[in-house]
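Subject: Structure handover

Hi,

Here is the structure we talked about. Please open it next to this message. My notes follow below.

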Amino acid sequence: MSRLIVSPSPHFQSPNTTRVLMNDVLIALAPATVVSLLFYGWNALLLLAVSVVSCILCEFVIEKYLRGRNIPSISATVITGVLLALNLPPAAPWWIALIGSIAAIGIAKMCFGGLGQNIFNPAIFGRVFLLVSFPVIMTNWAAPAGWLGVDAFSGATPLAQVNEGLRAGIPASQIIAENGLTGWQAFFGAAGGSVGEVSALALLIGFVYLLVRRVIKPHIPLTILATVALMTTIFWLISPDKFTGPVFNLLSGGLLLGAIFMATDYVTSPMTNWGMVIYGVLIGVLTVLIRYFGSYPEGVSFAILMANMAVPLINKYCKPKRFAA
Amino acid sequence: MNPILITIVTLTAIGLLVSAILFIVAKKFKVEEDARIDDVEALLPGANCGGCGCAGCRDFATKLVSLDELGDVQCPVGGGETMNKIAALLGKTAPVSAPKIAVVKCNGTCENRPKVNDYDGFATCKVKASLYSGDTGCGFGCLGCGDCTRVCKFDAISMDPATGLPVVDESKCTGCGACVKACPKGVIELRPKGLRGMRVVVLCNNRDKGAVARKACQAACIGCAKCAKVCKFEAIAVENNLAYIDPEKCKLCTKCVDECPTGAIHKFNFPVKKKVEPKPEAAPEVKPVEKPVEKPAPEVKPEPKPEPEVKPEPKPVEKPAPEVKPEPVEKPAPAPEPAAEPAPAPEPDDREDVIELDI
Amino acid sequence: MKNKTFAIGGVHPAERKMAKDAAIEVFPLPAKVAISMAQHLGAPASPVVAKGDKVKVGQVIGTPTGFVSGFVHSSVSGTVTAVEPRADLAGNKVMHVCIDVEGDEYAEGINLSGRVERDVKGTPEELIEKIKAAGVVGMGGATFPTHIKLAPPKDKKAEYLIINGCECEPYVTADDRLMREHPHEIVMGARVMAKALGVETVIIAVEENKPEAFAALTEATLRYIGFYVYKMKKKYPQGGEKQLIDAVTGRRVPSGGLPIDTGCVVQNVATAYAVYQAVQKDKPLIERVMTVTGDCLKERKNYLVRIGTPLSAILDSVGGLPDGAVKVISGGPMMGKAVANLEATTQKGSSCLLVLTAKQTARTPEQPCIRCGRCTQACPMGLEPWLMNRLGRAGDTDALEENKIYDCIECGCCQSTCPAHIPLLDIVRTSKADVMKIIRSRAKK
């Protein structure tokens with residue numbers, strides 16, 4: 001007879017390992033990725049490939065030669081790579097993805113100690129890093145020809161069009177009417193923007209999958225969307241000329257991508273339900289404020305980065321409900 | 001008014017005000033501190049190991065300055081030399097000290113002590129000990145998860161993968177006692193370093209009855225008391241089926257080493273071969289250093305030579321040898337080494353990492 | 001009515017109650033028994049027999065040595081062969097009385113008839129004394145002496161007696177079978193305890209996955225006023241004392257408090273059965289129902305087994321350890337203890353012998369925490385295991401105390417949900433012991 005194994009209780013481990021969870025996130029990202037590849041074609045594929053491969057290489061080199069261990073979860077790294085690619089403009093050159101990956105993994109993730117230790121969501125950090133460093137390339141929304149043959153959407157994102165128009169003094173409703181920006185065109189995939197923003201529907205399919213598999217709780221995405229809807233409604237009712245409406249805001253730009261996939265990143269989001277709600281509201285408020293009053297047309301990335309900084313505080317003060325008072 | 005003038009006046013006013021505040025605060029919140037504390041701290045090793053029982057070297061320095069008599073207060077790392085310097089500085093008498101070293105009282109290597117089950121929990125001795133008696137038949141010996149190696153600030157204790165037991169690097173061990181506290185089984189003991197590092201130790205911690213202990217481990221002390229009988233100096237006591245050699249009484253005759261049926265008694269740092277030189281060498285070295293001598297020293301025969309291999313008879317004969325006197329000299333050699341070492345103090349973070357990786 | 005459950009956390013492990021259709025069998029008398037003197041929480045009993053003594057079934061062989069302690073009885077008749085420290089299932093040396101079995105002769109006065117004695121005689125004090133003399137302890141696993149729980153301090157009044165038939169641990173079916181086969185005895189045991197406590201209301205809590213037991217107990221309680229049988233949701237740790245009180249009454253046991261602070265006393269169904277035997281049949285606690293189960297075993301049984309039977313004998317009766325079996329657990333997979341020594345013997349608290357294969361139980365290497373918060377969501381006490389893991393490794397006992405580590409009930413929910421397979425409970429458990437030591441030493445001052 002072989003020797004018995006002795007260990008402390010409990011004697012089972014969860015079948016939902018880190019790898020399973022992360023693979024589920026990748027599966028949830030698949031619809032959005034496929035749709036964007038269809039729309040943007042080879043260049044999107046190149047960006048995706050470069051950013052995934054360089055993320056893995058970057059993490060591998062740092063883990064192996066500076067820390068002397070293997071990558072703890074390669075799926076988590078792949079998620080960062082995919083998210084980063086989905087956050088790039090479709091016409092961006094391949095080296096943008098490379099630099100973004102190095103910033104995301106090398107600075108935002110590994111400098112803080114690797115998986116589980118980072119304060120900022122690496123993909124968002126990478127995107128913001130690029131946005132600040134290469135503003136021209138990162139706001140060039142020219143759409144390369146896709147595999148569907150649809151190259152309809154023009155050079156600027158709806159949000160950018162509105163932003164420019166408002167600065168020029170044109171009322172919001174007029175800009176929207178002139179450009180046909182109802183917001184709904186983004187739902188099925190006909191709006192300019194970064195690679196992953198192309199179809200809200202595809203993102204929502206991923207969201208449902210994550211909820212069904214219980215990978216994430218709905219608290220964060222729902223509070224973000226609810227906050228944005230509420231705030232934009234209030235502003236819109238106050239002055240429809242100065243501010244865009246809720247439907248337009250919910251469906252355009254990276255809001256869904258950010259709310260569903262980036263803000264819910266385990267490592268950089270709070271753990272308790274109330275913490276998640278506070279975090280979601282914070283992101284929603286910051287997004288709307290940046291979109292309405294900031295100089296950038298798109299605010300989700302900055303909002304999430306700023307909310308990331310608040311997470312340790314939220315975790316400190318939002319304790320779970322104790323059993324014994 | 002001239003703007004230059006206004007600027008000058010304003011800046012001067014601010015300067016005055018701020019300096020007044022600084023002055024008041026400095027006066028009001030001044031903490032009187034004995035200047036000697038800094039001097040004493042400078043003499044201490046600065047390892048902040050906590051072996052003295054204080055929270056770091058500065059705390060210990062404060063305590064030293066406040067004491068009327070140094071008494072038994074010791075810096076285990078710096079040893080007698082450091083304490084002498086401090087005593088001189090403070091105008092007090094230093095305690096007599098014997099440098100100590102950690103000894104792992106277990107020889108339950110993989111061959112001696114076969115495993116009877118496999119432990120699969122968190123790999124620290126603390127968790128393992130709280131769960132059960134251990135993965136070998138012996139419930140008293142080393143658990144082999146290396147808690148001692150992780151608490152050592154001097155990198156002096158490490159696990160030997162071949163035996164699964166910790167090994168103490170004598171040149172680095174300062175006798176701070178951190179590993180002794182970390183060991184849940186009480187396997188590690190601080191013992192006087194001994195004359196020229198020579199020690200005779202029972203490497204076993206098993207208090208089971210002989211047959212049970214022997215079944216669990218071939219190198220176990222079975223409490224047969226043969227060693228106690230053969231010892232001429234009453235240095236060995238058998239209690240709870242376990243022999244213990246009192247380092248104060250042991251004269252390093254090593255008779256017990258030969259007598260022990262299970263080989264549980266080991267001798268350390270005895271010269272390997274009979275040489276004639278040792279004596280001459282010993283003599284020159286003997287400088288009447290002011291070193292406070294360990295108690296054992298005076299009576300101890302200087303004989304490093306008393307060969308292990310030599311029949312019991314010759315040894316006693318040699319022992320009475322006149323060299324007794326010279327010995328007082330504690331070899332300065334061992335002491336300085338440890339003092340120099342303390343540098344590498346792994347940060348807590350690193351240790352945590354190590355734990356993670358180990359799992 | 002919605003099935004009741006506790007408010008915070010909890011997990012849903014696969015139930016795998018594979019032995020639930022195996023009727024209770026009487027396990028054959030072993031040739032030798034070794035009866036531990038430390039089968040209850042608190043001070044071990046001191047043996048009152050010596051080598052060579054003849055003993056009968058039910059004869060006292062150990063007497064209590066402190067306030068929290070208990071009697072130990074011989075479970076067999078025969079000759080004492082040794083009174084010596086032996087390794088228990090964790091390998092620790094504990095005083096055992098070893099007896100060679102000769103025949104099966106019961107001590108005087110034990111009523112062995114199968115009739116249900118429904119007439120509860122005696123004052124509360126007499127009842128408690130009888131329970132104490134029979135060596136009854138909490139048989140859910142904690143083995144706290146029952147007579148102490150039944151005699152709360154004068155200033156505290158019990159309002160409810162809760163009989164715990166949840167059996168929320170996967171695999172274990174001993175209580176289920178007992179409730180199905182002996183519901184009347186359990187209800188009578190509850191009546192005895194209710195009388196001893198002076199409570200009017202007795203609530204029997206059964207998880208929803210045991211409909212037969214629920215039906216049997218409902219039927220058995222029909223004739224008694226003040227008896228309620230509650231159906232509980234299937235959720236681990238429904239059978240935890242604090243969780244059960246919360247689920248049934250909505251009251252919360254305060255930090256560091258006892259169940260009696262909420263006016264509740266919780267007793268396991270097996271304890272109720274033992275109390276019935278002790279008071280109505282004058283039969284001390286010498287045997288218990290024990291499940292032998294595991295996916296890899298040929299047969300899965302529920303045995304009525306004498307205390308002191310070697311675990312190896314029980315395993316042999318179901319075909320021995322099969323190939324690939326690497327772990328034997330005394331108790332359930334969530335809170336049970338892994339057996340290091342198969343020569344150890346059954347005790348009053350041994351509810352189950354579970355055999356697992358390497359695939360089911362071997363631990364995989366720990367990965368970094370990804371802060372998914374599953375442990376926090378699962379903790380039924382509302383604690384933050386991830387944080388305590390970090391603080392515990394750093395040895396920060398002050399912060400641990402601030403985060404109420406002392407509330408941990410060691411249910412294992414956190415560790416069993418962790419996707420990174422971090423040994424959370426291993427660390428929390430030892431850190432909790434450290435913190436408790438500090439709290440106690442402070443209280444002494």
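Chain C and chain A bury about 4,400 Å² between them. Carbon and sulfur atoms carry 55% of that area. Please keep in mind that this is a predicted model.

**Interface of chains C and A**

On the chain C side, 62 residues are in contact with 42 residues of chain A. Polar contacts link 26 residue pairs between the two chains, with both partners at pLDDT 80 or more. The rule also finds two salt bridges across this interface. One of them joins A:Arg322 to C:Glu384. The closest N and O atoms of that pair are 3.6 Å apart.

Which elements of chain C each supply at least two residues to the side that touches chain A? They are these:

- helix 6 (241–249), helix 9 (358–361) and helix 10 (374–378)
- helix 11 (385–394), helix 13 (413–417) and helix 14 (424–444)
- strand 15 (325–330) and strand 16 (337–338)

Strand 15 of chain C gives the most, with five residues. By type, the residues on the chain C side divide into 31 nonpolar, 18 polar and 13 charged.

**Helix 10 of chain A**

This helix covers residues 219–238, which makes 20 residues. At 1.5 Å a residue it should span 28 Å.

**C:Ser350**

C:Ser350 sits in the loop between strand 16 and strand 17 (352–357) of chain C. Is C:Ser350 buried or exposed? Its relative accessible area is 5%. The cut-off for buried is under 20%, so C:Ser350 counts as buried. The side chain of C:Ser350 reaches the backbone nitrogen of C:Gln347 at 2.8 Å. Leaving out residues up to four places away in sequence, C:Ser350 touches C:Arg288, C:Val289, C:Met290 and C:Ser330.

**Chain B**

Chain B has 359 residues, and 44% of them count as buried. There are 15 helices and nine strands in this chain. Take the contacts in chain B with a separation of 6 or more: residues 24 or more positions apart account for 64% of them.

Best regards

Conventions: Residues numbered from 1 in each chain as written. Chains lettered and ligands numbered in written order. Predicted model: local features only at pLDDT ≥ 70, side-chain atom pairs only at ≥ 80, totals over all residues. Heavy atoms only, no water. Helix = DSSP H or I, 4+ residues; strand = E, 2+ residues; numbered from the N terminus. Expected span 1.5 Å × (residues − 1). Contact = heavy atoms within 4.5 Å. Buried area = accessible area lost by both parts, 1.4 Å probe. Salt bridge = Lys/Arg side-chain N within 4 Å of Asp/Glu carboxyl O. Polar contact = N/O pair within 3.5 Å; in protein donor to acceptor, adjacent residues only side chain to side chain. Nonpolar A, V, L, I, M, F, W, Y, C, P; charged D, E, K, R; others polar. Buried < 20%, exposed > 50% of the residue type's maximum accessible area, 1.4 Å probe, protein only.
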